[in-house]
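Thanks for coming, everyone. I'll take you through one structure today. Please have a look at the sequence and the model on the screen.

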Amino acid sequence: MKKEEYMRQLKKKLKRLPKEDFERAVEYYEEYFAEAEDEEKAIEELGPVQEAAHAIICDMACGYAKEPAQDMKKGMDALWVAVLAVFAAPVALPLLCAGAAVVFSVLLAIAMIFLAAALADVGIVIAGVFAAVASFSVLAKSVPVFLTCLGAGLFCCGAGLLVGYAVCGLWRMFIHQMVKLIGMGIKRRGDR
């Protein structure tokens, strides 16, 4: 049996080992063969592939049995969470407050836009009423001016009512969507 055949069979027997242990064992045997003067003599000293693989596995099992049993991944995860919590607290709390302030400011700005639109709408309706009433003061002087002022006043009243209806509809839709969004957020937290 040649070195290549011995190593191929040994790798086949050890393929179920963890990657690090597998690489360590293969590296050891590669070095052993590199230092040996005679391949056949080295193979005789190592013994059959089955015995060599069994010895490697037993040695590694004994080494692991001496170490205290613990789940390293869970221990490291818990450690990282603790470290991140300690370092993130001075940053996370101000960021959370800033995020809440931004959300509140955006919602307040949207509400102010609706309020401004509603006030502008009321102003348009009031201006229309005054224009219609004022048109009667010029009736005796000029009928075309009277009709123009009356038409402008009625147009302002109609446009104001139409815009007011649209603003009320958009406000209801906005409130409905906000309630829906808040409800989804509460439901999502309740599912956790």
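Let me start with a rule. Rings of Phe, Tyr and Trp (its six-membered ring) pair if their centres lie within 6.5 Å; planes under 30 degrees apart are stacked, over 60 edge-to-face, and the rest tilted. By this rule, there are eight aromatic pairs. In Tyr-32 and Phe-33, the ring centres are 6.4 Å apart and the planes stand at 85 degrees, so this pair is edge-to-face.

Some ground rules. This is a predicted model: local features need pLDDT of at least 70, side-chain atom pairs count only at pLDDT 80 or more, and totals for chains, interfaces and linings use all residues. Residues are numbered from 1 along each chain as its sequence is written, and side-chain values use heavy atoms, with hydrogens and water left out.

Phe-33 is buried at 5% relative accessibility. Tyr-32 is partly exposed, at 24%. Ring pairs also link Tyr-32 and Phe-33 with Tyr-6, Tyr-28 and Tyr-29 in a cluster.

Now the fold. Helices (H or I, at least four residues) and strands (E, at least two) are DSSP runs, numbered from the N terminus. How many helices and strands are there in the protein? Six helices, zero strands. The pattern along the sequence is α-α-α-α-α-α. The protein has 192 residues, and 17% of them count as buried. A contact means heavy atoms within 4.5 Å. Among contacts with a separation of 6 or more, 64% join residues 24 or more positions apart.

Next, the end of helix α5, which covers residues 72-135. Ser-135 sits in that helix. Is Ser-135 buried or exposed? Buried, with a relative accessible area of 0%. Its side chain reaches the backbone oxygen of Ala-132 at 2.5 Å. Leaving out residues up to four places away in sequence, Ser-135 touches Phe-146, Cys-149 and Leu-150.

Phe-146 itself is buried, at 9% relative accessible area. Phe-136 is exposed, at 52%. The two form a tilted aromatic pair, 5.2 Å centre to centre, with 55 degrees between the planes. Phe-136 is in the loop between α5 and α6 (143-191), and Phe-146 is in helix α6, so the pair ties together parts ten residues apart in sequence.

Over to helix α2, residues 19-35, where we find Asp-21. Asp-21 is buried, with a relative accessible area of 2%. Its side chain makes a polar contact of 2.6 Å with the side chain of Arg-24. A polar contact is a pair of N or O atoms within 3.5 Å; within protein, one must be able to donate a hydrogen and the other to accept it, and residues adjacent in sequence count only if both atoms are side-chain atoms.

Last stop: who supplies the lining of the largest pocket? Helices α5 and α6 each supply at least two residues. The largest share, five residues, comes from α5.

That's the tour. Questions, please.

Note on methods
Buried < 20%, exposed > 50% of the residue type's maximum accessible area, 1.4 Å probe, protein only.
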